[in-house]
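Please read this note alongside the sequence and the coordinates. It takes up a few local features in turn.

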Amino acid sequence: GHYLRPQFAGALSSQQIILHGQAFTNLKGEIYSDAGRVTRANLSFKEGAGTFDFEGLLDYPNSFVAGKLVTQNADIKPLLALADYHPDVNGLLDGEVYLNRRGKGSGLEIKGEIKQGRIAGVPLQLAVVDLFMDRSIVRINKFVAAQGAGYLVAKGRAFVGGDVDMTIDGKALNAKMLSVLTGPETPMGGLMDFTAKISGEMRNPKVALDMFIDGGNYAGVGFDGFAAKVDIDTADRITVKEMSLTRDNFKTTLDGFIPFDVFKKVAERNNPNAQMNLHLHLNKAELGVFAANKYIDDIQGQISGDINFAGTLEQPTAYGQIKIDNATLRPATFKKPITGLNLSLVADGQNLILEDLSAKSGRGDLAVSGRIAMNGTTVQEYNLKGLARNFDLDSQYIKGVLNGSFSLKPHVTPRRTRPILTAVADLENISFNIPKIPEFGDTPPPDLSLDVQLNLG
């Protein structure tokens, strides 16, 4: 071309390029530039078994960018990683991405299907996506995903700097998908139905969530149903209208609110006096929900009580009482059950008062009482006492009748403060079966002072 307006045309190729840690291979294409005024490119490349074809232009004088990207079997995981986003999500994308295909400012369109998808390891049969974005709006024209007999649907729009109106519905979905939000350390199971309505302004949206999980489990503990109705006002608070957990005849409910201020540092709070207000209700719930784990073979009885939680996360307070009356417990290693199990635990601000923890076994009994004082989330003071009188022990590790007493409280020295266990125990008629001495490994033994007197007969 003319020296005042040179033209450039060339071919590009590369066996591999690394972009933000992700490898793309077999790059091939052609590029044309009119003295930097208009640049056009046609490129193709691969990522794994996926293929990408791009055709686009950059018009400098008119500040205009346009293009089309076609994907086939493109793994979405490395694509999300380009944005430094690493959720437990997999799938292959067949689709088309258009940028300003109707002219300057006409926006970004994404249309396609996600095959072989997985969320937190839960397979999705097919997901159909149709999104539109420009400088003023994000619009979900269609998002439908099938998972087993269930589905996930999203639709709505949000104006940048303005209002938002979106709805997300799920039906009969595997609740394990929640671990994408909560993390793999909190596994959840069961079938989940939910509706989330998002409204208000983009900078401070409001979310109304209605959820139910049927026949689920959390961290391996099963339940019949979990229900939640929660309103989230991101400018103010989380309001728990109702949250309940049921299994057989066990039911616990929670309601109240948590201001978002309590999640902030004290100096950053809009309201320095913000406090949470949550109410936990146990109405003669059956204890059987706690059975069938590696520590408890069976437990029968009822637990009741009400606890009100207030304060902040760094200085929480609790008021109320929890009681168990005349329950029966069989620990996993015991051959006979422990009967007459009673508990009376009172929460009084930052004090926990163990009024009574008692049980019977054989012709004897065991009783524990005491107090624990908290300073924020740290134990500040404690004093526990216990007494065993002819308490019958019959397990695979220990057998006999226990008599004795103990106390646990802080042991203050000029160098440090640590617990001291003071005990007197009669082991004359007790036999032990210890298959092996336990190994502590890298975990140090408890930092505990002992003042123990044993009668070995």
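The points below concern a predicted model and cover a hairpin, a surface patch and several salt bridges.

1. Strand β1 (residues 7–19) and strand β2 (residues 22–34) pair in the antiparallel sense over 12 bridges, and within this pairing Gly10 stands opposite Ile31 in β2. The two strands form a hairpin with 2 residues between them, and in that turn His20 has a positive phi of about 55°.

2. On the surface, a nonpolar patch is formed by Leu448, Leu450, Val452, Leu454 and Leu456, whose accessible area together is about 480 Å². Leu456 lies in the segment after β29 (449–455), and this residue counts as exposed because its relative accessible area is 63%.

3. Across the whole structure, a search finds 16 salt bridges. In one of them, the side chains of Glu109 and Arg102 meet at 2.7 Å, N to O; Glu109 is buried, with a relative accessible area of 5%, whereas Arg102 is exposed, at 59%.

4. Lys171 and Asp193 also meet through their side chains in a salt bridge (3.3 Å, N to O). This pair links distant parts of the chain, with Lys171 in strand β11 (residues 164–174) and Asp193 in strand β12 (residues 188–201), 22 residues apart. Lys171 is partly exposed, with a relative accessible area of 41%, and Asp193 is partly exposed at 26%.

5. Asp231 forms a salt bridge with Lys241, and their closest N and O atoms are 3.2 Å apart. Here Asp231 belongs to strand β15 (residues 225–233) and Lys241 to strand β16 (residues 237–247), 10 residues apart. Asp231 is partly exposed at 26% relative accessible area, while Lys241 is exposed at 54%.

Technical notes: Residues are numbered from 1 along each chain as its sequence is written. This is a predicted model: local features need pLDDT of at least 70, side-chain atom pairs count only at pLDDT 80 or more; totals for chains, interfaces and linings use all residues. Side-chain values use heavy atoms; hydrogens and water are left out. Two strands pair if DSSP finds at least two bridges between them. Helices (H or I, at least four residues) and strands (E, at least two) are DSSP runs, numbered from the N terminus. Patches are made of residues with over 30% relative accessible area and no salt bridge: like charges are joined within 9 Å, nonpolar side chains (Val, Leu, Ile, Met, Phe, Trp, Tyr) within 5 Å. Accessible areas come from the Shrake-Rupley method with a 1.4 Å probe; for residues, only the protein chains shown count as cover. A salt bridge is a side-chain nitrogen of Lys or Arg within 4 Å of a carboxyl oxygen of Asp or Glu. Buried means under 20% relative accessible area, exposed over 50%, partly exposed in between (1.4 Å probe, protein chains only).
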